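Subject: Structure handover

Hello,

Please find the structure below, with the sequence beside it. My notes on what was found follow after it.

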Amino acid sequence: MALVSWDAAAFGAFIALVVGVSLYQGRKEDTSEDYFLAGRNLTWWLIGFSLIASNISTEHFVGMAGSGFGVSGLAVASYEWIAAASLVFVGLWLLPRYLELGIYTMPEFLEHRFGVAARTLMAVYMLLAYVGVAMAAVLYSGALGLATIFGLDLVLGIWLIGLLAGAYTIYGGLKAVVWSDLIQGAALLVGGTVVMVLGFERVGGVRAFLDTNADKLHTILPADHPEIPWTALLLGIWIPNMFYWGCNQFITQRTLGARSLRAGQRGIMFAAAIKLLIPFIIIFPGIMAFQLFGDRISDGDQAYAVLIQELLPPGLRGILFAALFGAVMSSLDSMLNSASTIFTMDLYKRRFRADASGEHYVRVGRIATGALVIVACLLAPLPASFEGVFNYIQMIWGFVSPGVVAVFCFAFLVPKAPHAAALVGLALGVPVYGGLLWALPDVAFLNHMAVTFLVVIAAMTVVTFMRPRETPFRFERKSDIDLTPDPWARPLGMGVLLATVALYVVFR
């Protein structure tokens, strides 16, 4: 599809706005705290929008809409609704401890509790997963969207997205990232809402949509469902969500940059409320694409792009194109900044140059960002080998998330757990999960995650029983940040939890 003049003008103006604001806000980032954590001065609304924009990308508009188009239907909304509940837990219980320690990264947290070896092992896991899974999937899904809508060559699209997002991330660090997220997140939510409304008009209204697609509007699926059986809702789906929102540098880096606990908690609750709405503007359009164009769409990952082609007029297409393009950049720039932070602070500084200046670490971070974006672009075609980009992301993260979540649980809940328990947990998760995928390929990978988590917990329990710490571990405060909790955090969190339950009752 060729861009008309209004499409091109809208796209160009939006991208110029994002890059310009990001470069302006990211100027004078000289210290490591400025560059990697935005000077620890982020407000709640920047944190909330950045959490959503960094999370929501074309992996959702391509992959999650594709899952809605396919056999999962609305059941894939569980990733969003359980995420909202997970965010409440993170805001109320995990964030206060993270800010109390004044850490830069999640691997650094593990060093406080379990020593340098645990920090290094988690840092290596995260770098490999960011480059080979997260960044590759975002680049591929973004380029696939461009190819489907506008006929742009897939490889050219990958490098265009990677180099553009990498440029302002290298320059401005986290502050540039969160300001780009603010603009792109708002545009994405508005654009997705427009597509949903136009889709309702095409299918004859909300009631007609609900009646026609009743079979796809269930969140509780049979136990033998290949992707999201009801058994996965008991434990399996909580593992990737708790990992993603509570232990994942890509996400937690925004909250680590909060100016206070109050700002961090309010931003998290704001993001949790938005997460409840995401399925309606992403998965519903995927189901609409199945209803309207199911006979001409062979690959569910193309469903949202076809809907844009058919529903949006010239000009408006360009605006949504820019929003989707921006969504890719908002996720990619966040991953690049987080991966660069882990490399610089957890590996380079901890292992090679512990006494260098802040300017030196910023320079290393910029070099690392450039190298990471090149490697990610080279690996980006990898998700094409899997059935559905969203499932690719979730399944491959399973090699990391059960072990990491188990180790973080022990860090908080088992004061006598020794360093060896963490190393066993981190090392055991990969072969157990991989073995389950190989031995039981027809079982949903979320169930594999649950079994892996339980096996790792059991192994860590045995190690703790055999070699407990002589004295229980106690965290000590190491930062001077204001830790006064937000008085609205608990009521808002309870509201999110009640709304989550209500959604499952309505769409059971």
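The lining of the second largest pocket is made up of 17 nonpolar residues, with no polar and no charged ones. This is a predicted model, so please read every value here as computed from that model. Which residues of the lining lie nearest the centre of this pocket? They are F89, L94, M242, C409 and L413, out of 17 lining residues. Three helices each supply at least two residues of the lining: helix 5 (78-101), helix 11 (238-247) and helix 19 (401-413). The space in the second largest pocket comes to about 400 Å³. Rolling a probe the size of a water molecule over the atoms shows where empty space is left.

Next, the protein as a whole. The protein has 22 helices and zero strands. Of its 508 residues, 61% are buried. The accessible surface amounts to about 18800 Å², and carbon and sulfur atoms account for 67% of that area. If you take the contacts between residues at least 6 apart in sequence, 85% of them join residues at least 24 apart.

S479 belongs to the loop between helix 21 (445-466) and helix 22 (489-506). Is S479 buried or exposed? S479 counts as buried because its relative accessible area is 18%, and the cut-off for buried is under 20%. Once neighbours within four places in sequence are set aside, the contacts of S479 are L99, E100, L101 and G102. With L99 there is also a polar contact: a polar atom of the S479 side chain lies 2.6 Å from the backbone oxygen of L99.

A223 is in another loop, the one between helix 9 (206-212) and helix 10 (230-234). Not counting residues up to four places away in sequence, A223 touches P229, W230 and T231. How far apart in space are A223 and A444? Their C-alpha atoms are 9.3 Å apart, although 221 residues separate them in sequence.

Now for some residues in helices.

Q265 is part of helix 13 (residues 261-275). Q265 is buried because its relative accessible area is 3%. Apart from residues up to four places away in sequence, Q265 touches G91, L92, L95, P96, P485, D486 and A489.

A134 lies in helix 7 (residues 116-150). A134 counts as buried, since its relative accessibility is 6%. Which residues is A134 in contact with, leaving aside its neighbours within four places in sequence? They are A129, M335 and W397. The C-alpha atoms of A134 and S331 are separated by 9.0 Å, while the two residues are 197 residues apart along the chain.

F49 is found in helix 3 (residues 44-55). At 19% relative accessibility, F49 counts as buried, because the cut-off for buried is under 20%. F49 and A271 are 222 residues apart in sequence, and from C-alpha to C-alpha the distance is 6.7 Å.

A458 sits in helix 21. A458 counts as partly exposed because its relative accessibility is 41%. A458 and A406 are 52 residues apart in sequence, with 9.7 Å between their C-alpha atoms.

To go over this yourself, start with the second largest pocket and find F89, L94, M242, C409 and L413 nearest its centre. Then look at S479 and the backbone oxygen of L99, which lies 2.6 Å from a polar atom of the S479 side chain. After that, find F49 and A271, whose C-alpha atoms are 6.7 Å apart.

Regards

Terms used: Residues are numbered from 1 along each chain as its sequence is written. This is a predicted model: local features need pLDDT of at least 70, side-chain atom pairs count only at pLDDT 80 or more; totals for chains, interfaces and linings use all residues. Side-chain values use heavy atoms; hydrogens and water are left out. On a 1 Å grid over the protein atoms alone, a cavity is a set of points where a 1.4 Å probe fits but cannot get out, and a pocket is an open set with protein on both sides within 12 Å along at least five of seven lines; lining residues have an atom within 4 Å of a point. Grid points are joined across faces, edges and corners, and a volume is the space filled by probe spheres set on the points. Helices (H or I, at least four residues) and strands (E, at least two) are DSSP runs, numbered from the N terminus. Ala, Val, Leu, Ile, Met, Phe, Trp, Tyr, Cys and Pro count as nonpolar, Asp, Glu, Lys and Arg as charged, and the others, Gly among them, as polar. Contact means heavy atoms within 4.5 Å. Buried means under 20% relative accessible area, exposed over 50%, partly exposed in between (1.4 Å probe, protein chains only). Accessible areas come from the Shrake-Rupley method with a 1.4 Å probe; for residues, only the protein chains shown count as cover. A polar contact is a pair of N or O atoms within 3.5 Å; within protein, one must be able to donate a hydrogen and the other to accept it, and residues adjacent in sequence count only if both atoms are side-chain atoms.
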